[in-house]
Amino acid sequence: MNRRASGTAALLAVAALTLAGCAGADGGGGGGEGAPIVVGSVNTISGPATFPEASQAAAAVFDAFNEAGGLDGRTIEYKTLDDKGDPATATASARELVGSDGAVALVGSASLIECEINAKYYEQEGILSMPGIGVDTGCFASDNISPANVGPFNDMTLTLQYGSEVLGLDDICILLEIAGSTRPTYQAAIDKWTEITGKEPKYVDDTVPYGASDYTPYIVKARDQGCKALAINPVEPDAIGQVKAANAQGWDDVTWLYLTSVYSENFADAIDNAGAGIYVPAEFYPFTDDNEINADWRELMEANDIPLTSFSQGGYLAATYFIEVLKGIDGDITRESVSEALKAMDPIENPMVGTPYAFGTQNTAGWPIILKSGTNAWEQVADDWLRIGK
């Protein structure tokens with residue numbers, strides 16, 4: 001049966017969580033009774049595309065949990081490392097956390113590349129990872145990694161599905177920013193949309209770079225191809241540059257089908273001319289209007305000066321899920337016991353997501369939102385989750 005995840009406030013209200021024993025010296029997590037439970041996180045915090053909020057949010061959840069007494073007096077020692085978007089650094093970071101620090105699990109990570117690079121190592125070491133934001137292909141193709149978010153590939157299918165089936169758009173073109181070996185996985189996401197709808201993209205450009213100083217050539221080329229809508233997978237600064245490039249070209253009737261990576265108040269503030277509208281299938285329940293669903297998350301983020309973004313929602317949820325599972329472990333808290341508990345966990349329902357979380361399953365739902373010209377504010381355009389194929 002599903003369990004409804006209690007919010008952070010409820011987690012912190014637990015005065016004592018009785019778990020017998022101590023961490024096994026050979027199972028990660030550190031020494032004897034009362035020793036901290038070591039949890040790690042590999043993130044791209046610097047580089048061309050960054051995701052700092054996920055681990056910041058997870059850290060805030062763990063800090064609050066520790067302040068409330070932790071796990072029968074044991075605190076969570078959360079160690080975050082920056083892989084800088086560099087393969088060698090990502091490799092070294094994982095080995096530091098898993099091999100040297102003895103982490104029992106990785107939670108709340110958000111990296112451009114680390115899942116694909118470290119998946120086999122995690123498998124060898126018998127450790128599981130719960131990224132707050134899964135980005136690369138490896139995050140969704142390994143039995144040892146299970147992100148809290150929908151991910152860019154399912155998000156691409158969702159935004160295409162919304163554009164063609166709900167908005168009734170034709171002549172949809174796709175522009176892709178490719179990191180690592182993600183191109184085939186994006187193609188699979190596009191093919192899934194075609195399988196569901198029978199529609200195909202008018203044009204695909206997979207040469208769009210991360211962090212370009214000027215996106216005008218790519219925008220002009222898409223317009224010349226006869227595109228009426230653009231489905232693109234950028235990070236926020238790139239998306240701002242793309243919309244501004246279209247504005248400068250007078251392309252004011254294009255519909256933008258973006259991913260959750262651009263959903264932020266900062267992006268909305270930066271865009272005055274949104275063309276025919278900027279649509280996003282938000283991976284988590286929309287946070288840009290006050291609501292009870294996001295209340296615990298919002299309060300914790302604001303208290304810690306963490307940006308209100310979907311990335312921080314993902315990190316918050318990953319940490320919250322992890323604590324919920326940790327509470328149910330009988331006996332020693334080791335890498336082995338944590339991995340066993342995660343693999344055996346019942347799905348956890350949370351109104352912030354459209355799919356219950358269980359390790360090894362994928363979230364396939366997004367909540368459609370729009371940014372209209374002249375509003376500088378996101379609005380909901382649905383009263384329920386959009387699900388792939390439905």
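Let me begin with a definition: two strands pair if DSSP finds at least two bridges between them, and the strands (E, at least two residues) and helices (H or I, at least four) that I will name are DSSP runs, numbered from the N terminus. What we have here is a predicted model, in which local features need pLDDT of at least 70 and side-chain atom pairs count only at pLDDT 80 or more, while totals for chains, interfaces and linings use all residues. Residues are numbered from 1 along each chain as its sequence is written, and side-chain values use heavy atoms, with hydrogens and water left out.

I would like to start with strand E12, which covers residues 365–371. Two bridges join E12 to strand E14, residues 386–387, and these two strands run antiparallel; within that pairing, Gly-366 stands opposite Leu-386. E12 also pairs with strand E10, residues 278–282, in the antiparallel sense and over five bridges, and there Tyr-279 is found opposite Ile-370 of E12. A further antiparallel pairing, over three bridges, is made by E12 with strand E13, residues 378–380, where Ile-369 has Gln-380 as its bridge partner. E12 and E13 form a hairpin with six residues between the strands, and in this hairpin Gly-374 takes a positive phi near 80 degrees.

How many residues of E12 are buried? Taking buried to mean under 20% relative accessible area, exposed over 50%, and partly exposed in between, with a 1.4 Å probe and protein chains only, seven of its seven residues are buried. In a regular strand the side chains alternate between the two faces of the sheet. In E12, Ala-365, Trp-367, Ile-369 and Leu-371 point one way, whereas Gly-366, Pro-368 and Ile-370 point the other way, and all are buried.

Let me turn to the disulfides, a disulfide being a pair of cysteine sulfur atoms within 2.5 Å. The structure holds two of them, and, with bonded cysteines counted along the chain, they follow the pattern 1-2, 3-4.

Cys-115 is buried at 2% relative accessible area, and Cys-139 is buried at 1%.

Cys-173 and Cys-227 are also joined by a disulfide, with S to S at 2.0 Å. They too link distant parts of the chain, 54 residues apart, with Cys-173 in strand E6 (residues 172–177) and Cys-227 in the loop between helix H7 (216–224) and strand E8 (229–232). With -95 degrees about the S-S bond, the link of Cys-173 and Cys-227 is left-handed. Cys-173 counts as buried at 0% relative accessibility, as does Cys-227 at 4%.

Finally, a word on backbone angles: most residues other than glycine have a negative phi. Asp-72, although not a glycine, has a positive phi of about 55 degrees; this residue is found in the loop between helix H2 (52–67) and strand E3 (76–82), and at 42% relative accessibility Asp-72 counts as partly exposed. Asp-305 likewise has a positive phi, near 55 degrees, and is found in the loop between helix H10 (295–303) and helix H11 (310–327). Is Asp-305 buried or exposed? With a relative accessible area of 72%, Asp-305 is exposed.
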